[in-house]
Structures are given as structure tokens and as C-alpha cells.
Amino acid sequence: MANKKKNASVRLSPHVKPTKYVVAMKPDLDAFTFTGSEEVHVTVGRGMKAVTLHSAEIEILSAKYRVGKKVFDGTVSYNDHEETATLLFSKSIPKGRGIIELEFAGILNDKMRGFYRSRYKHEGKEFHMGVTQFESTDARRAFPCFDEPAHKAIFEVSLIVPKDRTAISNTLETAVTEHGEYKVVKFAPSPKMSSYLLAFIVGHFEHIQKKTKSGTLVRVFTTPGKKHQATFALECAAKCIEFYEKYFGIKYPLPVMDLIAIPDFAAGAMENWGAVTYRETAVLVDPEHSSTQNRQRVALVIAHELAHQWFGNLVTMEWWTHLWLNEGFATYMEYVAIDAVYPKWNIWAHFVSAEHSRALALDALLNTHAIEIDVNHPAEISEIFDAVSYSKGASVIRMLAGYIGESAFKKGLRAYLQKHSYGNALTEDLWKALQKASKKPVATIMRNWTRKPGYPLITLEEKSGFLELSQRRFFPNRNPENKDVTTWMVPLSLKEGDRTKRTLLLKSKKTRVRVKKNVYIKANTDETTFVRIKYSAHQLRLLGEEIAGKKPALSEPDRFGIIRDAFALAKSGLLGTDEALLLAKSYQNETSYVVWSELAGQLLTLRSLLFGTPLAEAYSAYARELLAPAVKKIGWHKKKGEPEDDAFLRATLLHTAGLFGDKEVLTTAQNLFQKEVRGKGNIHADIRGGVLSLVAQNGSKKEFEILKQMYDDSSLEEEKDRLLRALCSFTDKKILTQMLDVAFSKDARGQDTLKAVTFVWMNPHGRTIAWEYVQAKWEYIVERYGGGHLFSRFLSPASNFTTLDEANAVLHFFKRHPAEGINRTVLQSVEQIRSHAAWLARDKEKIHTFLKNY
Ligand code: BES
Ligand code: ZN
């Protein structure tokens, strides 16, 4: 569907290079407009009559070009599709340096991109702040600029704002002058950087601050009344900066690092250099009402954005094809930093679940894409902020770091950052540095991991004293179209029984190694390599026995990987679903959170698949029985000194058991809720989300009204999220429709509309309602979200459907309503629905027989 030619090369002319922008912006926070003026200092490579730069939805009021005292007047024409403005001068402007001078005006939009407005309350009144979100290509919506990552320049910003507001930009303010109702806040020049990293924020804020050991001022800004929720972020940010300075061997180059909580925000957070913006739920932690899960998420988000200050901001990808260098790397570093700062969190186990496995799921599809991919038009760029760039990117980096070793990895990284500071880099540049540091053929090993889509399934077969390992690309269904002859270079380690592990580098389709007989073999020790493993039936039995034993000698990621791949193979038809369900029973004594979260996730996927079929009840009974001992063991209350992960485990087990209809769990949830409603105690934040959802799942109008009131009354966004999820968990279709009405009303925040659609769609009782609603509102969705970061997410939950009719309906709807930036997501969803349908058709009988006999 994507038409590459149509979008071929959108790059600006290489003959005009910006070196410095002097920009002044004046937002009108009541009329929702802004005006601005700028000087763009440029170097022109040859004489020319016209200069083209990026500009979208901005009116350029005047354009001049100045060389010394000489002024060239310009006229402006626009190209809406290319998002550019061309300044045509009466005479040719000369080669060499000059200054483009522009005055312009635009709209402070409500689309969470460019320069936009966000709503908040202060002293009982409603106000709007002005805030920016420029990545990937929306700086051009705030001021005309050379909006490509390789066009680095210095930015000198002034913000002209009402006297009672706070103005924030990337650097510290250097001067404030007052003019009547307004003040002009001038900021220090930025380092040389890309336009997508610039930020302006204007509104009522309060803040707290501290200094890092090496003297960087760290501040956390919130809207009025919320600064008590900023303490955790402040501590965490300071520690992360100190960690990265040591790890990268480069001091954080700005005097200030601001973290700003923004009520309306499209992404989770944005790494603007020195002024990172966050959605409130991704940075605020309430000392009394926040969950352990939320605190950990906040820490990871902060660590991610701070990693970008080096990897992304100091050294930037040359073009969006190398987006993964930014995002994959920052995602990997999140865990490196958090593991150092909070060593008790067991964070690498979370990596395997949250990143590695998520990427294996998406990248299995025929409609995935290579990590490095040719992208041109902005909509295509938006579409690759996905699990491939982030999670597969992070996973292949972890695989490589493991293979070349921590110290070579760090050494290579430092050299790379030093060499390209304040510049741009390609994927090969990173490989070169790591190759030099490790003396291993990094570029050769990595080529197919980043330039080819997908990843291999490694099949293990025992052949008289040998183990044969063969590789072939993994697909979630056995469609004959799905052929791929790629051979990957696979660093793979094996653990044979209690013998220490050994590492191989598979270079061809088939490899043979000698192994002991009759011991279990766990391939891909600790799940460090980006592959799935298919064991022989015999091997799988041995592994199951080991796992079911008292003290399994397999690590948490190992136990995790075995069950994850078993279900993936079941889905693709390479293993019977009955065999996967049998293997699952070996996990009854499991105590690890990540392992249970995987198992619970797999169980719930099958629940969704079997929903509405005659097998649903027998299947739920199986799941309840499987979960029961663990549920009992973990209990409802936090135990003193328990591991951090137990908070996660408790939430996951209780919620999952409740979803499968565990009577005891549902009754306790109901009791806790009633008690709280009567004002006699609060449900603990760690299990609160699950409890509220279970109450809703089994509730009616009465519960809906109570929960809705709680939602309206709450001022903590995290709590609002829990309540929103609960409100979308009812089974009554009328209630669900009513919730979607709320979510699409004008009072709802832009990000919450999407959340409600997603939650209702993931609720098996709400699937059809959500889909019909999205179709009915499609025009509105395109208008409000089209081309933006959240757009394709309005349809990705369609992948929860299970029938071919539904697949066709989705496909046909989007054939009739084509839009840029969703093609790949449509194809991915349809592919997933089809594979669900094929799975069910193939294994329904097997599941039936299993459920009768297990
Ligand atoms: N650079 C991104 C923000 C972004 C995302 C901009 C998509 C434009 C489009 C930022 O560093 C990021 O990755 N944010 C993540 C959170 C992170 C912890 C994975 C996000 O917003 O989801
Ligand atoms: Zn990022």
C-alpha cells in the first residue's frame, strides 16, 4: 500500500545550511494564536534566487534576506504536501553567509503537536498553557525552519509571555524585561542541535529543584498544586544524570535539566535537550496514592529521556532511517541505568518481558519492517515509532553487548559519542566504533538484524550424540507466502543440564554440536539472543520437569522464554496448543513475576480467542485451577521486606484470576471496594487498578455511577487512568457506549480518547462496540490525530479480533478510507486477526480434548 515513489526524497537542498536561529515567540493564551519573528543565520553554497525551508500551517508575514547592509525582499509561496515555504527573492542571493529574517503567525492548536495548548486548573479557574512537541517533524508548525535532524544549529530563544506565567526553554534564562502586561524572557544560546529538540513552555507552574554532584541544576515543574508529586522524579533524574556522566564518560553539557509535567501530551515523554516534557502519569508519583508499578514506569521513562541527552541529542541520527539508534539505544539504556540506580528492582527480567518479547511478537509478522528502513514523508516517519525501533532495537543491542562483553561495549560507545558529539551519525558509525573496541566483526554480525525484517526460529533436533540447530525465519502462521531465505549470524548460548553454558555463533542454516544425552538443554540462556527456540517433544518434557521441580536450575528469563515460545509456536501451528497448555501446568510453583506475567498474558490471549465459543467456560476453569496456588500464596497484602516484584506479581495474579471468574478473588475485590465506598479504608495502590476493574467487570449501573464519580473527582492522573480502565471494563454494552461518548466529548483530553477506545476494544464484551465507534468517528479521528503520534493506535487494537469476517471488515473499511501513516498498522492488524482465526480453526478440537482430560 505504501507508495515509496510518491514520497521519494523530501530532503531540503544541501546548499543552504542554518548555523543559528534567533527566535522570539509570543503566544496568546486566550485567543490560541501566536506570532513570532526569527533570524536564521545561514551559509549558502551557491548563488540562488529561491530558498526553501519547512513551514506548515504558519503564515509568513514578511521575508527578507540580509547580507551585511544589503537587503533582499522576498515573496512567499507554500507547498502544503511537502510542508515547505519557498522564499523567492527579486535578485539572486550570493554564495556565503547571510540572514533570513521572517515574521510569522500561527495557531496554538489542540492537537498535541507543534506549538499547542494544554488545559489546566489554577485557583479554581481554567487556563491554557502553550507547549511544544516537535519530534519528528513538527518544529515547522511553530516556526519556519530547516526541520531535518542533520541541520544542526544554535538556538537563541526569547519568549514573550504574560507577566504572571513561567516561561521555560532548553537553557537557563539570561534576562527578563517587562513591557506592560508582558515580559520578555531571553534564554542562553543552546548547544548546536537539531530542530526537533527545541522546546517552549509557557504557563502557571510550580517546581522543586536540586543539584547533581557535578553541579547540574535539576528542576521538576508541575501545574499548581502538584509539586508534592515531583520528589521521586527529581531524585531519580539527578541519580540518572550522575550515572550517565560516568557511564558515557562525558559530562552533561547544559547547566540545567528541567522535567516538565504536561496535562495534554501525545507521547509518554519527549527528550528536548535540557527541557524534557512528560505526560503527567510518566513523571509524577504521589507519595501516598501511587503504585509500585507507576513508580517503576516513571523511573524507566526518566532514564530513557535522560539517555537521549547523550544518545540522540549530543549525537543524533543523520536521518529518520536511523531512528532506532535513538530509540532502541535509549530503551536499552533505561535498563542499564535503572539497574545501577535501583539494583533491587530486578529490572533486566522486566526487559525480557517488556521489550524483548514484545518485539518478538511484532517482528514475527510478515508486515513488520527492518530496523533500518527508508522513510520519507512525515507520516511514514511517525509510523516507525514502534516496537521494532524501540524494543527490537534495544534487544539487538543487548544481544551485541552480551556477545562482545560489557567493557568493550562501553569503550566503543564512548568513542562513538566522542567522535560524533554535536554531529550526526549512521548505524554503521556505531558498528565501526564497537568493532574497533571489541575486535569482533560487529558490522557483519549485525547486518541482518537491522537490515532485514524478522528473526529466526532455531529448531533443535537430537541426532545420536549430536544436537542439530537449524534456523529459519519465524512467522506466526504457516502461510505459503511466508518465505524468507535470510541467514542470520546468531550468537547463541546453550545450557546443558547443570553443565555450565557455552556460546556458539551460528553462521549457517544448520549447525551441529556434540551434547550430553538425556539432560535438558536450554538454548538462548537468559534470553539474550533475539530468536525463538523450538525444542523436540522429548526436550520440552525434560525442561517441563525441571521447571516443575522444587528448585529449578533455570533462570527466571529461561523459564519465561520456554513458556513464551511454546505459546508462540502453538499459535503458528508448530506445537499443539494442548501441549502448550500442558507445559503451563509445570509452572504451578512458579514464584517469579515476569514468568507469571507472561503466562497470564498467554492465558488471556487464549481467553480472548475462545470468548463466546462453547469452550470458554471449561477453559476458564482450567486457568483458575492453574492460577489458584500462586494466588493463594501471594495474598492480598504487601508483606514486610518482600521483593519489589511481588507487588507486580500480586496485581497480575489477582487481576487475572478475577478475569477468569475466581469467586474468592471477586468477592474479596467487591468487599474491599464496598469498604472504601463506605469510607472505611483504602484499596492499596498496587492492586487498586485490578480491583476496580474486577468490580466493574461484574458490576452494573450502580457501580458505574460510583466509579464515574470517583473519576470526575480525582485530580491524580494515575488514579484517573485506573478508573478509566475500570470504566471500560463493564460488560453492559450501553455502559461501554456511554464511556466512549464521554471519551469523545470535548472535555476529554486528547490522549484519554485513545485510551478509552483501546480499553473498550481489549474488553471482549466491547470489541464490536469500539470498532463501530471508531468507524463512525473516523473523520473526526483523522482530523484530530491524522499524521500525529497517536493516529495509528486508534486502529491497532483491531488485532484483538478473531474471525476472518472481522479481518475483512477492517481491511475493507481502510480501503474505503485510506490515510497516510496507518497502512502498515492496518496490514499488521489484519495479519494478526487472520492468524487468530487460523489458530482457532486448527486447534479448537485439540483444546477441547485437552480440557476434557487434563
Ligand atoms: N523521542 C520519544 C518521544 C516521541 C515519541 C516523539 C514518538 C515523537 C513520536 C521519547 O524519547 C520516547 O521514546 N518516549 C516514549 C517513552 C519511553 C520511556 C519509551 C513514549 O513516549 O512512549
Ligand atoms: Zn525515546
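In α1, residues Lys239, Cys240, Phe243, Tyr244, Tyr247 and Phe248 touch Phe329, Met333, Glu334, Val336, Ala337, Ile338, Ala340 and Val341 of α3, with contact meaning heavy atoms within 4.5 Å. Helices here are DSSP runs (H or I, at least four residues) and strands likewise (E, at least two), numbered from the N terminus. The residues of this contact split into twelve nonpolar, no polar and two charged; Ala, Val, Leu, Ile, Met, Phe, Trp, Tyr, Cys and Pro count as nonpolar, Asp, Glu, Lys and Arg as charged, and the others, Gly among them, as polar.

This is a predicted model, where local features need pLDDT of at least 70 and side-chain atom pairs pLDDT 80 or more, while totals for chains, interfaces and linings use all residues. Residues are numbered from 1 along each chain as written, chains are lettered from A and ligands numbered from 1 in written order, and side-chain values use heavy atoms, leaving out hydrogens and water.

Among the polar contacts (pairs of N or O atoms within 3.5 Å), a backbone N or O atom of Gly268 sits 2.5 Å from a ligand 1 oxygen, and a polar side-chain atom of Glu305 is 2.7 Å from an oxygen of ligand 1. A side-chain N or O atom of Glu327 lies 2.8 Å from a nitrogen of ligand 1.

How values were computed
Polar contact = N/O pair within 3.5 Å; in protein donor to acceptor, adjacent residues only side chain to side chain.
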